[in-house]
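This briefing goes through one structure by topic. It begins with a single side chain and its surroundings, then moves to other parts.

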Amino acid sequence: MTPSPDAVPPATPSPDESSPATPTPTTPSPVDEAITRAHREEWARVVAGLARRFGDLDIAEEAAAEAFATAVERWPRDGVPPNPGGWLATTAARKAIDRLRRESLRGAKYREALMTRDDAAPPPRGPIEDDRLRLVFTCCHPALSMEARVALTLRLIGGLTVAEIAHAFLVGESAMAQRITRAKAKIKAARIPYRVPSPADVRERLAGVLAVVYLVFNEGYLASADGKPLRAELSDEAIRLGRLLRTLLPDHGEATGLLALMLLTDARRAARVSPAGELVTLDEQDRDLWDRGLVSEGHALVRERLAAVADGGEAPGRYQLLAAVNAVHTHALNAGETDWSQILALYDRLAAIDSSPIVRLNRAVAVAELDGPAAALAEIDRLAGSLDGYHAFHATRAELLRRLGRNGDAVSAYDAAIRLAGNPAERAYLSRRRGETAP
Amino acid sequence: MPRYMLSVFGPTERPEFGGYPSREAMLESFADTGAFNDKLERDGHFVFADGLEAATAATTVDGQGGEPVFTDGPYLETKEQLGGFWVIEAADLDEALALAAEGSKACRGTVEVRPFQTEESVRALLEP
């Protein structure tokens, strides 16, 4: 999330964590900024520490929310504490104990919690021992539905309010709250463990975690449902999660690959939708609008992975390969300078580990640039069976048909793409292209 | 230790060889399942396991009224019915899922993993 005051929890401590955020002040005071920063940097650590100590995500979430609400109340009056993270962790632990004390039925748990006297002890900071990593793997457990994983991750790791998550996914607030409650109940009832998977399982489980983060990113970058074409808060949150995963798992190339992929994609955000609200394809984007800082950060990460692989490291997985594709695109000063043979070679490697029709569709775009539209069309027509319901299949086909002068067929393909595209900017773009294609 | 029920479902009307492609395949699966059960016992996970007769052999009883009402057949009218199950003890869901994957392979069926209620969860039901 951007350092937006929206991230600050409600000013009044409220038992309902989903109540709307405080109104955005025009110029945030230093205290407001400190609270926003603490929320961004410490939320996940506070929740994760409580989850480990109390063994209950409900208590962890609620106590963390209460601690931040207390900060909102007290810091403007008493000043920002010298160690905001420690203050929040301690306050949250007291809140949790208060709650347990109120709930007699949890008597055993309460006594157990009191016995662990690490009130003031700093939370462990080493990457593998980091409680946040445990929390990530719990939230993204394969026994939970994808929707539940996304919602839990955004709430417990990202610190978004239920209202914010509901809004981002165009779901009613009570439905989203229920989704999160059910997921937490399943974690508890089925005893989904709170730990980092064993080395034998960690790679597969990490792939599941990365898929959650990438889904959040894509939902922000090219929202599938009606509404705003871009939901920057989701892309920003995904990048923040990506940075956290890279910090926690520096030796896992795919975590770095996903971060690089998101940075290199997000760098093009400002160029991607025209002022008129129309999608701008890569070849037509104003490259001066690209965020050079993000591009160079992404390139550095891709170089780091290339060096690691050249050094005898593990072969790159899908995110590293897709990041490399995006590095090639963002390296070109203009669309004409794109090194399509590199891109095709990367897609060939990707197809070797992931033979899904979507990979083959993207590969065909590179084929069109190198061998012409007829060759590419022949390849993608073979995918019709599996991709008939996917707008990008018809959009790609439409472009190729148009380039081949088969305008009548192109118009029908545009029609199919427009019908299936959920994103308004994409529909606007496709409608214009269709209009420009004389049948 | 938490308990889980691992249930295996199969067609209500059982075809020849219980749905296995051949007699040999059926015997092979029985042997694999037996070996899996032995492993469960050895590693301290085993509580109970058995296969059920076809659901057509079931009788449904409603004893809530004055006289009990007996109905021929299973409670749910579905194309697939519970065919057998294990009750196991496992440290957590990850361990239960790993065992279920082995059981699924041995019995050639999809396995549903469901936790049993615990003293704590039943107590929580009684609290508001």
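Thr396(A) touches Leu361(A), Val365(A) and Ile380(A), leaving aside residues up to four places away in sequence. The model is a predicted one. Thr396(A) sits in helix H19 of chain A, which spans residues 391–403. With a relative accessibility of 17%, Thr396(A) counts as buried, because the cut-off for that class is under 20%.

**Chain A as a whole**

- Chain A contains 21 helices and zero strands.
- Of the 439 residues in chain A, 51% are buried.
- The accessible surface of chain A is about 19600 Å², and carbon and sulfur atoms account for 53% of that surface.
- When contacts in chain A are taken between residues at least 6 apart in sequence, 65% of them join residues at least 24 apart.

- Thr265(A) belongs to helix H11 of chain A, residues 253–266.
- Its relative accessibility is 10%, so Thr265(A) counts as buried.
- Apart from neighbours within four places in sequence, Thr265(A) is in contact with Phe217(A), Tyr221(A) and Asn326(A).
- Thr265(A) and Arg203(A) are 62 residues apart along the chain, and their C-alpha atoms are separated by 24 Å.

- Side chains of opposite charge can pair when their charged atoms come close.
- Over all chains, the structure holds 39 salt bridges.
- Lys184(A) and Glu61(A) form a salt bridge through their side chains, at 2.4 Å from N to O. This pair links distant parts of the chain: Lys184(A) is in helix H8 (residues 173–190) and Glu61(A) in helix H2 (residues 57–78), 123 residues apart. Lys184(A) and Glu61(A) are both buried.
- Arg203(A) and Glu314(A) form a salt bridge in which the closest N and O atoms are 2.0 Å apart. Arg203(A) lies in helix H9 (residues 199–221), while Glu314(A) lies in the loop between helix H13 (292–310) and helix H14 (318–331), so the pair ties together parts of chain A that are 111 residues apart in sequence. Arg203(A) has a relative accessibility of 56% and therefore counts as exposed, the cut-off being over 50%.
- Glu297(A) and Arg243(A) form a salt bridge whose closest N and O atoms are 2.5 Å apart. Here too distant parts of the chain are linked, with Glu297(A) in helix H13 and Arg243(A) in helix H10 (residues 232–248), 54 residues apart. Glu297(A) is partly exposed, with a relative accessible area of 28%. Arg243(A) is partly exposed as well, with a relative accessible area of 32%.
- A network of salt bridges links Glu278(A), Glu284(A), Glu399(A), Arg402(A), Arg432(A), Arg433(A) and Glu436(A).

**The interface between chain A and chain B**

- Contacts between the two chains involve 11 residues of chain A and 12 residues of chain B.
- The size of an interface is often given as the accessible area lost when the parts come together.
- Chain A and chain B bury about 990 Å² between them, with 55% of that area on carbon and sulfur atoms.
- There are three salt bridges between chain A and chain B.
- Asp94(B) and Arg205(A) form a salt bridge with their closest N and O atoms 3.7 Å apart.
- Four residue pairs, with both members at pLDDT 80 or more, are in polar contact between chain A and chain B. Sorted by class, the side of chain A that touches chain B has six nonpolar, one polar and four charged residues.

**An exposed strand residue in chain B**

- Asp72(B) is located in strand E4 of chain B, residues 69–72.
- At 68% relative accessibility, Asp72(B) counts as exposed.
- Once neighbours within four places in sequence are set aside, Asp72(B) is in contact with Thr56(B) and Ala58(B).
- The C-alpha atoms of Asp72(B) and Ala55(B) are separated by 9.9 Å, the two residues being 17 apart along the chain.

Note on methods. Residues numbered from 1 in each chain as written. Chains lettered and ligands numbered in written order. Predicted model: local features only at pLDDT ≥ 70, side-chain atom pairs only at ≥ 80, totals over all residues. Heavy atoms only, no water. Contact = heavy atoms within 4.5 Å. Buried area = accessible area lost by both parts, 1.4 Å probe. Salt bridge = Lys/Arg side-chain N within 4 Å of Asp/Glu carboxyl O. Polar contact = N/O pair within 3.5 Å; in protein donor to acceptor, adjacent residues only side chain to side chain. Nonpolar A, V, L, I, M, F, W, Y, C, P; charged D, E, K, R; others polar. Helix = DSSP H or I, 4+ residues; strand = E, 2+ residues; numbered from the N terminus. Buried < 20%, exposed > 50% of the residue type's maximum accessible area, 1.4 Å probe, protein only. Areas by Shrake-Rupley, 256 points an atom, 1.4 Å probe, with all protein chains shown as cover.
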